[in-house]
Amino acid sequence: MLSQFVWSGSLALEVLLFIRAWPCGLLRRYPLFYTYIGFVVAQDVLRLVAKMWSQAAYWYTYWVTEYLAVLAGCLVVFEIYRIALSEYPGAARLIRNLLLFVFAMTFAKGLASPAAAHHWLERATALGIERLMRTVQGIAIIVLVSLFLAYSIPFGKNLRGILLGYSLFIAGRVICLTFVLLEGYDFWWYAYSASYLAVLTVWLAHLWWHYPVPKAQTEGNLERDYQLVAAATQRRFREAAGFLRKAVRS
């Protein structure tokens with residue numbers, strides 16, 4: 001009964017997020033975030049259909065969509081960085097490429113582990129990979145918050161809500177996965193499910209209307225620092241290339 005209540009409540013809040021996003025223009029402003037929410041809705045419906053079909057179909061569908069959900073969660077992190085750094089194209093391009101590399105390497109490392117090589121659909125393997133990916137996503141969010149605090153860059157209410165809700169989701173998921181892998185208590189699954197309702201409530205409260213993002217008080221400082229670091233890096237590469245050419249000729 002509790003599981004049905006949490007599932008139906010989560011689905012209702014997710015649909016309400018879409019209903020509010022359409023007239024406010026938030027679907028157009030945050031396409032990756034709403035793509036993630038749409039995936040979660042489709043995932044729940046697909047699992048329900050698979051469960052009605054057979055237990056084997058549900059088991060396979062559950063773990064395949066669980067891997068896809070981890071990758072889809074990366075879209076939210078990309079969205080946060082994309083919107084937050086929209087006024088800083090150089091820094092945004094560098095961080096986007098770095099995030100893509102880190103997420104790809106983390107996921108590949110998890111799948112290439114000895115446990116995942118032949119048992120990638122087993123519960124412990126899938127949850128271990130998810131905990132690793134969620135931890136990396138959490139670190140990426142902490143780095144972004146530190147960057148914005150250092151440069152006094154405002155998030156705006158909409159983006160702040162996405163960031164706050166997803167931070168709560170990541171924290172709750174990592175904690176629950178840690179205890180599930182160590183102790184296997186079903187209590188943590190219920191705790192995670194209940195916390196997801198809180199996350200959806202935070203998103204609804206901050207995404208009920210569109211709120212313009214205020215201008216940064218130190219506009220341009222981040223981009224200027226990026227240009228300085230990029231120029232210094234290019235200079236060092238040229239110097240290294242010059243030393244290499246001299247060594248080859250000698």
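Visitor: Is Lys157 buried or partly exposed?
Guide: Lys157 is partly exposed, because its relative accessible area is 29%. Buried means under 20% relative accessible area, exposed over 50%, and partly exposed in between, with a 1.4 Å probe and protein chains only.

Visitor: Where does Lys157 lie?
Guide: Lys157 lies in helix 8, residues 157-183. Helices are DSSP runs of H or I with at least four residues, strands are runs of E with at least two, and numbering goes from the N terminus.

Visitor: What is Lys157 in contact with, sequence neighbours aside?
Guide: Leaving out neighbours within four places in sequence, Lys157 is in contact with Ala205, His206 and Tyr211. Contact means heavy atoms within 4.5 Å. The C-alpha atoms of Lys157 and Leu207 are separated by 8.0 Å, and these residues are 50 apart along the chain.

Visitor: Before I go on, what kind of model is this?
Guide: This is a predicted model: local features need pLDDT of at least 70, side-chain atom pairs count only at pLDDT 80 or more, and totals for chains, interfaces and linings use all residues. Residues are numbered from 1 along each chain as its sequence is written, and side-chain values use heavy atoms, with hydrogens and water left out.

Visitor: What does pLDDT average over the chain?
Guide: The average is 77, and 73% of the residues score at least 70. pLDDT is the predictor's confidence in each residue, from 0 to 100.

Visitor: Which elements have the lowest and highest mean pLDDT?
Guide: Helix 6 (residues 114-119) has the lowest, 52. Helix 2 (residues 26-29) has the highest, 89.

Visitor: Who sits in helix 2? What about Arg29?
Guide: Arg29 has its place in helix 2. Arg29 counts as partly exposed because its relative accessible area is 33%. Beyond four places in sequence, Arg29 is in contact with Arg82, Ile83 and His210. Arg29 and Glu79 are 50 residues apart along the chain, with their C-alpha atoms separated by 9.8 Å.

Visitor: New topic. How many helices and strands does the chain have?
Guide: The chain has 10 helices and 0 strands.

Visitor: What share of the contacts comes from residues 24 or more positions apart?
Guide: Such pairs account for 78% of the chain's contacts with a separation of 6 or more.

Visitor: And how much of the chain is buried?
Guide: Buried residues make up 42% of the 250 residues. The chain exposes about 14200 Å², and carbon and sulfur atoms supply 69% of that area. Accessible areas come from the Shrake-Rupley method with a 1.4 Å probe; for residues, only the protein chains shown count as cover.

Visitor: Tell me about helix 3. How many residues has it?
Guide: Helix 3 (residues 31-53) has 23 residues. From its first C-alpha to its last it reaches 32 Å, close to the 33 Å expected at 1.5 Å a residue. The expected span is 1.5 Å times one less than the number of residues.

Visitor: Which residues of helix 3 are buried?
Guide: Among them are Phe33, Tyr34, Tyr36, Arg47 and Ala50.

Visitor: Follow Thr61, then. Where does it lie?
Guide: Thr61 lies in helix 4, residues 55-84. At 15% relative accessibility, Thr61 is buried. Besides Arg47, Thr61 is in contact with Leu46 and Ala50, leaving aside neighbours within four places in sequence.

Visitor: What lies 2.7 Å from a polar atom of the Thr61 side chain?
Guide: The backbone oxygen of Ala57 does.

Visitor: Cysteines next. How many disulfides?
Guide: The count is 0. A disulfide is a pair of cysteine sulfur atoms within 2.5 Å. Cys24 is buried at 16% relative accessibility, and Cys74 is buried at 5%.

Visitor: Last one: Ala198. Where does that residue lie?
Guide: Ala198 lies in helix 9, residues 187-206. Ala198 is partly exposed at 42% relative accessibility. Ala198 and Gly165 are 33 residues apart in sequence and 8.2 Å apart in space, C-alpha to C-alpha.

Note on methods
Polar contact = N/O pair within 3.5 Å; in protein donor to acceptor, adjacent residues only side chain to side chain.
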